[in-house]
Amino acid sequence: NGATVTGVISVTASAADNAGVVGVQFLLYGANLGVEDTTSPYSVSWNTATAAIGGHTLTARARDAAGNTTTSAAIGVTVPDSTAPIVSITAPANGATVSGTVTVSASASDNVGVAGVQFLLDGVNLGAEDTSSPYSVNWNTAAAAIGTHTLAAVARDAAGNTTTSATITVTV
C-alpha cells in the first residue's frame, strides 16, 4: 500500500479457505485486471504504462469451490509521470550568423505539461527559465566572444523529468 509503481509489475495476493481456494481475481478499481489465477501463488502482471498517471486502487477477490468470495482490503498505488518532455530549438537556425539582440526560442511538449524551458549558451544558463509558452529568451550577443557558440534548451515537467534539445551552433 502506498507504493509508486512503474513498468510491468507483479501484483500478488495470498488466499486461504477451509475447503480450498479455486481462484483469485485481481481488480483495478473493481474491474478485472487480467484473468482469474487458479494456481497458488496468486499473481497477475500489470503494465502500468496502460494506466493514467496518478493514484490507483487494487484489490483481490478469492473464490472457493462453493462459489463463496471474499474481496481483500484495497491498497493504493501511484503511477508516476515518467515521460520526459520533447524540446527543440526553433530559432535561430543551426549554422546561423547572429549579432545584436537575438531571440532564442524553442518548442516543447509533454504528456502532462511543460513546467519550464531553460536555455543554455555554451552549456551555461542563458537567462532565467521560461515557464510559459512560447518559450524564448533574448540574447545580447555583444556580451559574447566573437566566434562559434552552442545553444540548447532543457525542458522540464512538473514531475522533474527533463530533456535537453539537440545542440545548435551559431557564429557571433
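I am working with a predicted model, in which local features need pLDDT of at least 70 and side-chain atom pairs count only at pLDDT 80 or more, while totals for chains, interfaces and linings use all residues. Residues are numbered from 1 along each chain as its sequence is written, and side-chain values use heavy atoms, with hydrogens and water left out.

I located G30 in the loop between strand 2 and strand 3.

Y29 is in the loop between strand 2 and strand 3 (31-32). Its phi is positive, about 55°, although Y29 is not a glycine. Y29 counts as exposed because its relative accessibility is 51%.

**Entry: other backbone exceptions**

Most residues other than glycine have a negative phi, and most peptide bonds are trans. I therefore listed the departures from this pattern.

D122, not a glycine, also has a positive phi of about 55°. I placed D122 in the loop between strand 10 (114-121) and strand 11. D122 counts as partly exposed, since its relative accessibility is 38%.

I then recorded a cis peptide bond from A91 to P92, with omega near -5°. P92 belongs to the loop between strand 8 (86-91) and strand 9 (101-109). Another cis peptide bond joins S133 and P134, with omega about 0°. P134 sits in the loop between strand 11 (124-125) and strand 12 (135-140).

Which residues form the covered face of strand 4? I found Y42, V44 and W46 on the covered face of strand 4 (residues 42-47), and S43, S45 and N47 on the uncovered one. In a regular strand the side chains alternate between the two faces of the sheet. Strand 4 pairs with strand 1 (residues 8-13) in the antiparallel sense over 6 bridges; pairing requires at least two bridges found by DSSP. Opposite S43 in strand 4 stands T12.

**Entry: nonpolar cores**

I count as a nonpolar core a set of buried Ala, Val, Leu, Ile, Met, Phe, Trp, Tyr and Cys residues joined through side-chain atoms within 4.5 Å. The largest has 22 residues, and those with the most contacts inside it are V104, V117, F119, L126, W139 and L151. Two or more residues each come from strand 8, strand 9, strand 10, strand 12, strand 13 (148-157) and strand 15 (168-171). Strand 10 provides the largest share of this core, 4 residues. Apart from this core lies another, of 17 residues, including I9, Y42, A51 and V77.

I checked the contacts of W139, taking contact as heavy atoms within 4.5 Å. Residues up to four places away in sequence aside, W139 touches a set that includes V98, V104, L126, H149 and V170.

How far apart are the C-alpha atoms of N161 and A84? They are separated by 4.9 Å, although the two residues are 77 residues apart along the chain. I found N161 in the loop between strand 13 and strand 14 (162-164). N161 counts as buried because its relative accessibility is 18%. Beyond its neighbours within four places in sequence, N161 is in contact with D81, S82, T83, A84, P85, A155 and R156.

S109 is in strand 9. With 37% relative accessibility, S109 counts as partly exposed. Not counting residues up to four places away in sequence, S109 touches P85, I86 and V114. Between S109 and V11, 98 residues apart in sequence, I noted 33 Å, C-alpha to C-alpha.

Key:
Buried means under 20% relative accessible area, exposed over 50%, partly exposed in between (1.4 Å probe, protein chains only).
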